[in-house]
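Walk through this model one region at a time. Keep the sequence and the structure side by side as you read.

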Amino acid sequence: MIPFEMVEPTSLKEAVSLLDPQEPTVRAVAGGTALMLMMKAGVFQPTRLICLHRIEPEYAQIMVGGRGEVRIGAMATLSEVEHDSNVAARLPLLKRALRTLSNVRVRNVARVGGALAHGDPHMDLPPVLAALGARVSITGPQGNRELPLEALYAGYYETVLEKNELITAVTVPALDGRKAAYMKVTSRTADDWPALGVAVSFAHKDGALRDLIVVVSAATEKVTRMASAEKVLQGAAPEDAALTRAGEAAAAEASILADAHGSAAYKRELLRVYLRRAVRQALAEGAPGTV
């Protein structure tokens with residue numbers, strides 16, 4: 001491994017000032033679980049790493065706001081999110097998803113901000129948060145900005161973050177009775193990279209589905225909302241015919257990528273099937289007789 005400089009700023013402002021937008025070999029590091037693998041493989045060779053562990057502790061906090069929204073600091077570990085009582089009570093889908101997000105060793109080290117900024121379409125956290133309507137907070141030299149989480153991603157391993165910007169938090173609005181589910185399809189263990197991830201959330205009123213968010217990942221180059229499936233399901237009763245039409249619409253709309261986890265045709269068929277299953281699972285959560 002080629003030698004590099006490691007600096008440890010003690011404030012977010014200092015950390016941002018150390019980033020060089022003209023130098024791609026300068027990189028911030030939070031948990032470093034993905035970055036270290038890239039360095040060992042020779043994919044990335046830094047000249048300077050900016051370790052964020054000593055910045056203000058507020059950026060690792062998980063808090064509930066006045067409207068019931070959950071704000072998760074970018075430096076919170078995935079394990080801290082998994083075991084947080086407010087997350088368990090207010091965002092049970094997020095807690096469930098984290099149980100099969102990699103393994104416990106990784107979750108103990110990986111940070112929320114790093115997991116989101118990495119831009120890997122196979123990761124579980126982005127589609128779950130996108131389906132929950134999350135917004136991501138970003139800080140740079142020009143100040144702060146906020147985006148819907150799905151708007152963070154520009155392509156395969158690409159985000160809209162500038163090289164001198166850092167994610168500081170992600171905020172998830174109160175569910176207010178919305179139903180939500182995430183289903184991942186893996187060819188090996190449950191915590192492996194998925195061939196497909198499907199996340200949904202919606203209101204269920206008077207027997208009809210409303211205000212849908214349908215998100216696909218892993219099979220696509222980035223976290224992607226399925227507008228056609230959302231349109232099909234808007235105002236529909238959650239019956240087999242409507243769910244089948246939505247699955248067909250999503251399969252037609254999505255730009256599917258083949259990789260080691262499966263062919264494009266295989267993943268398209270998975271999408272048809274698992275979109276239906278995700279909606280049904282969301283409806284079943286919390287129903288009488290379910291756990």
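Arginine 54 counts as partly exposed because its relative accessibility is 47%. The terms work as follows: buried means under 20% relative accessible area, exposed means over 50%, and partly exposed lies in between, with a 1.4 Å probe and protein chains only. Arginine 54 lies in the loop between strand 3 (48-51) and strand 4 (62-64). Helices (H or I, at least four residues) and strands (E, at least two) are DSSP runs, numbered from the N terminus. Leaving aside neighbours within four places in sequence, arginine 54 is in contact with Glu8, Pro9 and Thr10. Contact here means heavy atoms within 4.5 Å. Valine 172 is 118 residues from arginine 54 in sequence, and their C-alpha atoms are 25 Å apart.

This is a predicted model, in which local features need pLDDT of at least 70, side-chain atom pairs count only at pLDDT 80 or more, and totals for chains, interfaces and linings use all residues. Residues are numbered from 1 along each chain as its sequence is written, and side-chain values use heavy atoms, with hydrogens and water left out.

Turn to threonine 139, in strand 6 (residues 135-140). Is threonine 139 buried or exposed? Threonine 139 is buried, because its relative accessible area is 14%. Beyond four places in sequence, its contacts are Leu12, Val16, Asn144, Asn164, Glu165, Leu166 and Thr168. With asparagine 144, the side chain of threonine 139 makes a side-chain polar contact of 2.8 Å. A polar contact is a pair of N or O atoms within 3.5 Å; within protein, one must be able to donate a hydrogen and the other to accept it, and residues adjacent in sequence count only if both atoms are side-chain atoms.

Serine 79 sits in helix 3 (residues 78-83). Serine 79 is buried too, at a relative accessible area of 7%. Setting aside neighbours within four places in sequence, serine 79 is in contact with Val104, Arg107 and Asn108.

Next, the backbone. Most residues other than glycine have a negative phi. Serine 102 has a positive phi, near 60°. Serine 102 is in the loop between helix 5 (92-98) and helix 6 (104-109). With a relative accessible area of 22%, serine 102 is partly exposed. Alanine 218 also has a positive phi, of about 70°. Its loop runs between strand 13 and strand 14 (224-225). Alanine 218 counts as buried because its relative accessibility is 3%.

Now the aromatic rings. How many aromatic pairs are there? The count comes to 1. The pair is tyrosine 156 and tyrosine 157, edge-to-face, at 5.0 Å centre to centre and 80° between the planes. Rings of Phe, Tyr and Trp (its six-membered ring) pair if their centres lie within 6.5 Å; planes under 30 degrees apart count as stacked, over 60 as edge-to-face and the rest as tilted. Tyrosine 156 is partly exposed at 41%. Tyrosine 157 is partly exposed at 38%.

The expected span is 1.5 Å times one less than the number of residues. Helix 11 bends by about 25° at tyrosine 274. That bend is the angle between axes fitted to the seven residues ending there and the seven starting there. Tyrosine 274 is among the buried residues of helix 11, including Leu270, Leu271 and Ala278. Their cover includes strand 11 (179-185), strand 12 (196-205), strand 13 (208-217), helix 9 and helix 10 (240-253). The charged end of arginine 277 sits over the ring of tyrosine 274, 4.8 Å from its centre. To qualify, NZ of Lys or CZ of Arg must be within 6 Å of the ring centre and within 35 degrees of the ring normal.

Helix 10 has 14 residues and reaches 20 Å from its first C-alpha to its last, close to the 20 Å expected. Among its buried residues are Ala242, Leu243, Ala246 and Gly247. Aspartate 240 belongs to helix 10. Its side chain joins that of arginine 280 through a polar contact of 2.3 Å.

Finish at lysine 231, in helix 9 (residues 227-233). Lysine 231 counts as exposed because its relative accessibility is 70%.
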